[in-house]
Amino acid sequence: MPLPHQPLGPATRLASAMLMALGLAACASLPQPAATPVAPTASASSVTVAPAEAPAAVTADQLLAAGKDLAAAKAYIKAAADTQGDAQLQYLLDAAHASLSGQKPQDAVLLADEVLRLQHDPKLRGEALWIRSQGLMDQGQTPKARGNLEELLTLSSTPQDIRAEALGILATLYTQEGHDLTALNFLIQRDDLLSEGSARDENHRRIRVLLDAQPVAKLQNWQSRTASPLVQEWIALDLIARNTPDPQQREQAIAAWMAAHPHHPAIQFSANAPTAATTASAQGDVCALLPATGPYAALSQAIAAGLETSARLTGGPAVRVYQSTGNSEYTATLFQRGVKAGCAVFVGPWLRQDINAVVGVRRPGDPPVLTLGLDSDLHQPGLYQFSQSRNAASAQIAQQGYAAGYRQVYLLYPQDSSGAAIQAAFLADWKGLGGRVAGVSAYTPGQDPLAAVQQLFSGTIAAHSFVFLVADASVAGQAVPEIHQIKPDLAVFSPSLLSASGLPSDASALAGLASVDMPWIIDPAQAWPQAAALLHTQLPNADDAQWRMAAFGLDAYRLAVQILRHRTDQALQGTTGELHFGANGIVERDMQWMQFRQGQIVPLARAPQPGP
C-alpha cells in the first residue's frame with residue numbers, strides 16, 4: 001500500500017524517502033512532473049540543449065556495468081529524486097530494470113507502479129507495463145501479468161520485438177488456463193512479427209502442437225467461430241494433414257486447397273510436417289520442462305537446442321519441450337500433462353521452486369525426472385539431479401588443489417554478482433578443507449586487471465600457494481602474464497574461462513594457466529565437433545552463458561537416455577566433463593584439467609603439483 005502523497009521537500013530528504021521505498025513501500029513520495037508550459041515561438045538563433053545527466057545516474061550506470069544491480073537501482077532512485085519530468089520517470093524505469101536483474105521483482109513492480117501513476121507519454125507507459133508484467137510473472141502472479149501484457153498490445157508505441165514476446169507469453173498463459181483458441185489467435189498474430197529463422201520455426205511448431213492437441217470436432221467448431229482468415233487457414237490445413245497421412249497425397253491436397261482459396265493470406269505451412277497422430281502424443285519422448293520467460297528464456301532456448309542436437313546426432317528418442325511461465329503450480333501441471341501424453345523421461349525443471357513443485361505431484365509410477373538444478377534434501381526413486389552450477393568447478397579446484405599439496409590461495413575475481421558468488425563458493429570448500437587465504441583482490445569488469453594483480457601480491461608470496469582466477473579468456477590473457485612477471489612459477493587455476501567463439505587467436509599469454517572448466521567452452525571442436533557445427537546454425541549469436549547451457553543440454557539428453565536404458569552404473573564422457581551417477585541419483589561431474597602451451601590446450605591427468 002503506497003504511503004500518502006507528501007509535499008515536495010529538498011532533494012536529499014526526497015532521495016532518502018525513495019531509498020526507503022526500495023524496501024519498498026513508498027515511491028508515491030516522488031514529485032509530480034510539472035505541467036508543461038506553452039513554449040514561446042523559437043527564434044532562428046534558439047538552440048535546444050539536452051538536459052545533463054544526473055550525477056547519481058552516472059554512478060548507477062557504473063554500478064550496473066559492474067554487476068551490482070541492486071546498488072544501481074538505489075542510485076537510479078536517487079537520480080530520479082534530483083530530476084523531474086520524463087527524465088525522472090526514465091530513471092525510475094532504469095531502477096525497475098536493475099531490480100529485475102537483481103532478482104527483486106516486487107521492487108520492480110512498485111517502481112513501475114509509480115511510473116504508471118504519474119503522467120507521461122505512451123512509450124514510457126509501455127515500458128512500465130512491460131517491466132511490471134515481468135515482475136508479476138517472476139512472483140507467480142500470472143493473471144495480473146496477463147492484464148499488463150494485454151494493455152501493452154494496445155499501445156502503438158510498443159516495439160515489434162516486445163510485442164512478439166508479449167504475444168508468445170499470453171499464448172502460454174491462455175493455454176495454461178484452458179483457453180486454447182485465444183492462445184492460437186495470439187500465436188498466429190505473433191507469426192507476422194517474427195523474421196524467418198529459428199524463432200519463426202519455433203512459433204510454427206507451437207501452433208502445430210496446439211492444433212494437434214484438439215479433437216477434430218473442436219477444430220471444426222473453431223472454424224465457424226473465428227473471423228480471422230489466418231486462423232481458418234491454419235485449421236483447414238491441419239485438418240487436411242490429419243485426414244491425409246500419406247505425405248505425397250497430403251502435399252497434393254494442400255496444393256489443391258491453396259489453389260481453391262487464392263484470396264487467403266499466405267502462410268508457411270509445410271506439407272511434410274508430421275501428422276496429428278505423431279505429434280499429439282509424446283509417447284516415448286524425452287520431455288523438457290524449461291522456463292520460457294524473463295532472464296531464463298535465452299538460456300532455456302540453448303538447453304533445448306542442445307537436447308535436440310544430441311537427439312539428432314545419436315538417433316535417440318525425440319525431444320518435446322514444455323514451456324513454463326515462472327509459476328511453479330503451472331510447471332507441476334505441465335509435468336502431469338506430459339505424463340498423460342506418454343513422456344518416457346523428463347529433463348528439467350531447473351529452478352528450485354519448480355523442482356519442488358514437480359517432486360510434490362510426482363507419483364511412484366511416473367516417468368523418471370532428471371532435474372537441471374540440485375536440492376540435496378530431495379530424495380525420491382526415479383529422481384536424478386544434474387546441477388549446471390559453476391560452483392562445481394570451484395569445489396573441484398578446492399578439493400583437488402588441496403589434495404595436490406597446496407595450502408594457501410590468492411583470489412582474483414570480477415567485482416560483480418557472478419564473480420562474488422563463484423569465489424564465495426570456492427572459499428566455503430577451501431576453508432572447510434583447512435586451506436588458508438593469502439590475499440584477495442577484485443577487478444572491475446571491462447577494465448585492465450593490472451592494479452588488482454599488484455594489490456593481490458603486496459607482500460611476500462606464500463609457499464605452496466596458487467591463484468584462484470575468475471575471468472574470461474580476455475581478462476585471463478592480461479592477468480596471467482602480470483602474475484607470472486611477479487612470480488613465474490606460481491600456479492593459476494580458473495573455474496570459468498569462457499569464450500563462446502573459442503580461444504583467442506593468440507593464446508600464448510595463457511601459458512601456465514590450468515583450468516577445469518568444460519572442454520566444450522574452451523574448444524568445442526575438440527569435445528564434439530559435429531554438435532558444435534550443428535548448434536552454431538541454431539544459435540548463431542549465442543553468448544558465453546548460452547553456449548555453456550547448450551553443452552548441458554547435449555549431456556542431459558544422453559544422461560536421460562542412460563536412465564531410460566537402466567545404465568546409471570556407467571560413466572559418460574560428456575561435453576561438460578566426466579559424468580557418473582552418485583548417491584541418491586545426483587550426477588557428479590568431474591571436469592578435465594588442462595593447460596595452455598604455445599596457444600594449444602594440453603589435457604592433464606590431475607591438478608599440477610606445487611613447485612619447490
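Predicted model: local features only at pLDDT ≥ 70, side-chain atom pairs only at ≥ 80, totals over all residues.
Helix 13, spanning residues 247-260, comprises 14 residues. The distance from its first C-alpha to its last is 20 Å, close to the 20 Å expected at 1.5 Å a residue. Three residues of this helix, Arg250, Ile254 and Trp257, are buried. An α-helix has 3.6 residues a turn, so residues three or four places apart point the same way. The cover over the buried residues of helix 13 includes helix 12 (229-243). On the other side of helix 13, by contrast, Gln248, Gln252, Ala259 and Ala260 are exposed.

The crossing in which helix 4 passes helix 6 is left-handed. On the helix 4 side, the contact is formed by Asp86, Leu89, Gln90, Leu93, Ala96, His97 and Leu100. Their counterparts in helix 6 are Leu124, Glu127, Ala128, Ile131, Gln134, Gly135 and Asp138.

The peptide bond joining Gly348 and Pro349 is cis, with omega about 5°. Pro349 belongs to the loop between strand 3 (345-347) and helix 17 (352-361).

For His464, which is not a glycine, phi is about 50°. His464 is located in the loop that runs between helix 20 (450-456) and strand 8 (465-469). With a relative accessible area of 46%, His464 is classed as partly exposed, because this value falls between the 20% limit for buried residues and the 50% limit for exposed ones.

Asn584, likewise a residue other than glycine, has a positive phi near 60°. The loop that holds Asn584 lies between strand 12 (577-581) and strand 13 (587-590). The relative accessibility of Asn584 is 48%, and this residue therefore also counts as partly exposed.

Key. Residues numbered from 1 in each chain as written. Heavy atoms only, no water. Helix = DSSP H or I, 4+ residues; strand = E, 2+ residues; numbered from the N terminus. Expected span 1.5 Å × (residues − 1). Buried < 20%, exposed > 50% of the residue type's maximum accessible area, 1.4 Å probe, protein only. Contact = heavy atoms within 4.5 Å. Left-handed = near helix turned anticlockwise from the far one by under 90°.
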